[in-house]
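Biologist: I am new to this structure and would like to know what lies behind the words used to describe it. Could you set each value beside its definition as we go?

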Amino acid sequence: MMSLLTLILLSVALSMDCFAVSIACGMQQLQSKWVALKMALTFSVFHIGMISLGWALGIGFQKYIDLFDHWLAFGLLCGIGIKMIIEGLDSKKEKSICIQKWSVLCTLALATSIDAFVVGISLSLENVRWLEAVVCVGGTLIIMTLTGLFIGSKMRFFSPKFANILGGIILLGIGIRILLEHEYGFTL
């Protein structure tokens, strides 16, 4: 069973893409409180939906993959973590994002929530309660998105790519913890 601290760290890592996008949006334009709240809630709803889909899929196949579920969770979390680190190290200049349009906002929310589907599978394999996971992830996403918008509007020199790198490192750490706990009995 995953500890609450681990679930919080996982939620923070999962929200790093949204945090980076919100910093970039905050640096580019002054956002109204309504736009900031709309962005935070949209990101949260998409992530909760994707986690729920992944969680349901993982529960459905759990009896078939009990022997290697920890390896699957390790691989999925490490894969996402490495992807986030690579994206953070990418030297391409960030593009201007207009979140005023629903189509742009929903596209960003979908793009940043795809990883949540995979994490949802991992959470079900770790026997994490669904309600606990979605409340923790949803709440963390709202806080991180609003914080990112605020930081972006105040600190135009901060690099959103750092958030992706940090999130990737956290996911790698959680994946390694799951593997060590199941394979070698280490409790971290």
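Biologist: Why is asparagine 127 called partly exposed?

Modeller: Asparagine 127 has a relative accessible area of 45%, and since buried means under 20%, exposed means over 50% and partly exposed is what falls in between, with a 1.4 Å probe and protein chains only, the residue is therefore partly exposed. This is a predicted model, in which local features need pLDDT of at least 70 and side-chain atom pairs count only at pLDDT 80 or more, while totals for chains, interfaces and linings use all residues. Residues are numbered from 1 along each chain as its sequence is written, and side-chain values use heavy atoms, with hydrogens and water left out.

Biologist: Where does asparagine 127 lie, and what is its phi?

Modeller: Asparagine 127 lies in the loop between H5 and helix H6 (130–154), where helices are DSSP runs of H or I with at least four residues, strands are runs of E with at least two, and both are numbered from the N terminus. The phi of asparagine 127 is near 60 degrees, a positive value in a residue other than glycine. Most residues other than glycine have a negative phi.

Biologist: What makes H1 roughly antiparallel to H5?

Modeller: Two packed helices are described by the angle between their axes and the distance between the axes. The axes of helix H1 (residues 4–14) and helix H5 (residues 102–125) come within 11 Å and cross at roughly 165 degrees, the axes being lines fitted to C-alpha atoms over the stretch in contact, with angles running from 0 to 180 degrees between N-to-C directions. Angles under 35 degrees count as roughly parallel, over 145 as roughly antiparallel, 65 to 115 as roughly perpendicular and the rest as oblique, so H1 is roughly antiparallel to H5. The contact, meaning heavy atoms within 4.5 Å, is made by Leu7, Leu10 and Leu14 of H1 together with Asp115, Ala116, Val119 and Leu123 of H5.

Biologist: What makes threonine 145 buried?

Modeller: Threonine 145, whose place is in helix H6, has a relative accessible area of 0%, so it is buried. Not counting residues up to four places away in sequence, threonine 145 touches Cys18, Ser22, Met39, Ala40 and Phe43. The side chain of threonine 145 reaches the backbone oxygen of leucine 141 at 2.8 Å, and a polar contact is a pair of N or O atoms within 3.5 Å, where within protein one must be able to donate a hydrogen and the other to accept it, and residues adjacent in sequence count only if both atoms are side-chain atoms.

Biologist: Why is threonine 112 counted as buried?

Modeller: Threonine 112 lies in helix H5, and its relative accessibility is 6%, so it counts as buried. Leaving aside neighbours within four places in sequence, threonine 112 is in contact with Asp17, Cys18, Val21, Phe43 and His47. A polar atom of the side chain of threonine 112 lies 3.2 Å from the backbone oxygen of alanine 109.

Biologist: How do you know that threonine 42 is buried?

Modeller: Threonine 42, found in helix H3 (residues 33–65), has a relative accessible area of 8% and is therefore buried. The side chain of threonine 42 reaches the backbone oxygen of lysine 38 at 2.7 Å.
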